[in-house]
Amino acid sequence: MESRKNQNETRAKIIAAAGSLFAERGYDAVSIRDIVLKADVSLGTVNYHFRNKEGLYRETLTAACESTALNRSQIAELGQLPAQTALTIYIREFIKLGGSPQNWSWEMLLLRREYALPGPFFKEIFGTCSRAELAFLAEQIGCLAGVEPQSPDVEFAAATLFSQLNMLALDKNLMSQVIPDLIEYTGTHPDWLTEKLLRQLNSIVKA
């Protein structure tokens, strides 16, 4: 029987293999046999760890979502800072994501596919993974604007910021072809975009 360490390594290998295939072809076009061959494991091993294709896809997509999300310790650390500072750091770090798709991990490629062509589990899994991050954004925006975080306007502002940053990270290559000068300027002047987004948040909440 595999040790816990070996089991974790096997799971990670299967998820990485599945993630690259799902990112390239989509959920429906990938079979368990494709994954077995790419991961170089047996069908029984895949079934043991994930039960079926849906179970494997759910865990793969969850891993992809978590790869770009703030973890609890990061949220707690940022939460100790003044709201303006916390949001500024958050936006700056998000702007650094993306880059050329040729250098992307399978996680980023899978997320971009799911954003463009949402699969049957995307809404559920992405919603679960982003819940803590959206709550953090709402808390910081509410504090900055002097409004309750549970306010619909604040929640809308948090969702708007989160969506815009994800689109910027995942579609930066396309955007660089449409508006190359702006994307280049944003890359070299992240504070400019940060200030623009913060002003936009204030206008949404105080409208």
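Student: Why is E59 called partly exposed?

Tutor: In this predicted model, E59 has a relative accessible area of 31%. Buried means under 20% and exposed means over 50%, so a value of 31% puts E59 in between, as partly exposed.

Student: What makes the contact of R11 and E59 a salt bridge?

Tutor: The side chains of R11 and E59 meet at 2.4 Å, N to O. The cut-off is within 4 Å, so the pair counts as a salt bridge.

Student: Which parts of the chain does this pair link?

Tutor: R11 is in helix α1 (residues 4-25) and E59 is in helix α4 (residues 53-68). The two residues are 48 residues apart, and the pair links distant parts of the chain.

Student: Is R11 buried, exposed or partly exposed, and what is the reason?

Tutor: R11 has a relative accessible area of 23%. Buried needs a value under 20%, so R11 is partly exposed.

Student: How many salt bridges does the structure hold?

Tutor: The structure holds four salt bridges. One of them joins the side chains of R25 and D34 at 3.2 Å, N to O.

Student: Why do R25 and D34 count as partly exposed?

Tutor: R25 has 36% relative accessibility, and D34 has 24%.

Student: What makes R58 and E124 a salt bridge?

Tutor: Their side chains meet at 3.0 Å, N to O. The limit is 4 Å, so this pair is a salt bridge.

Student: Why does the pair tie together separate parts of the sequence?

Tutor: R58 lies in helix α4 and E124 in helix α8 (residues 122-145), so the pair ties together parts that are 66 residues apart in sequence. R58 and E124 also belong to a network of salt bridges with E54.

Student: How do you know that R58 and E124 are partly exposed?

Tutor: The relative accessible area of R58 is 24%, and E124 has 46% relative accessibility. Buried is under 20% and exposed is over 50%, so both residues fall in between.

Student: Are C129 and C143 buried or exposed, and why?

Tutor: C129 has a relative accessible area of 18%, which is under 20%, so C129 is buried. C143 has a relative accessible area of 58%, which is over 50%, so C143 is exposed.

Student: What share of the chain is buried?

Tutor: Buried residues make up 41% of the 207 residues.

Student: Which elements make up the chain?

Tutor: The chain has twelve helices and zero strands.

Student: Which helix has the lowest mean pLDDT, and which the highest?

Tutor: Helix α10 (residues 172-178) has the lowest among the elements of the chain, at 53. Helix α2 (residues 32-39) has the highest, at 97. For the chain, the mean pLDDT is 84, and 83% of its residues reach 70 or more.

Student: Why should predicted coordinates not always be read in detail?

Tutor: Where pLDDT is low, the predicted coordinates should not be read in detail.

How values were computed. Residues are numbered from 1 along each chain as its sequence is written. This is a predicted model: local features need pLDDT of at least 70, side-chain atom pairs count only at pLDDT 80 or more; totals for chains, interfaces and linings use all residues. Side-chain values use heavy atoms; hydrogens and water are left out. Buried means under 20% relative accessible area, exposed over 50%, partly exposed in between (1.4 Å probe, protein chains only). Helices (H or I, at least four residues) and strands (E, at least two) are DSSP runs, numbered from the N terminus. pLDDT is the predictor's confidence in each residue, from 0 to 100.
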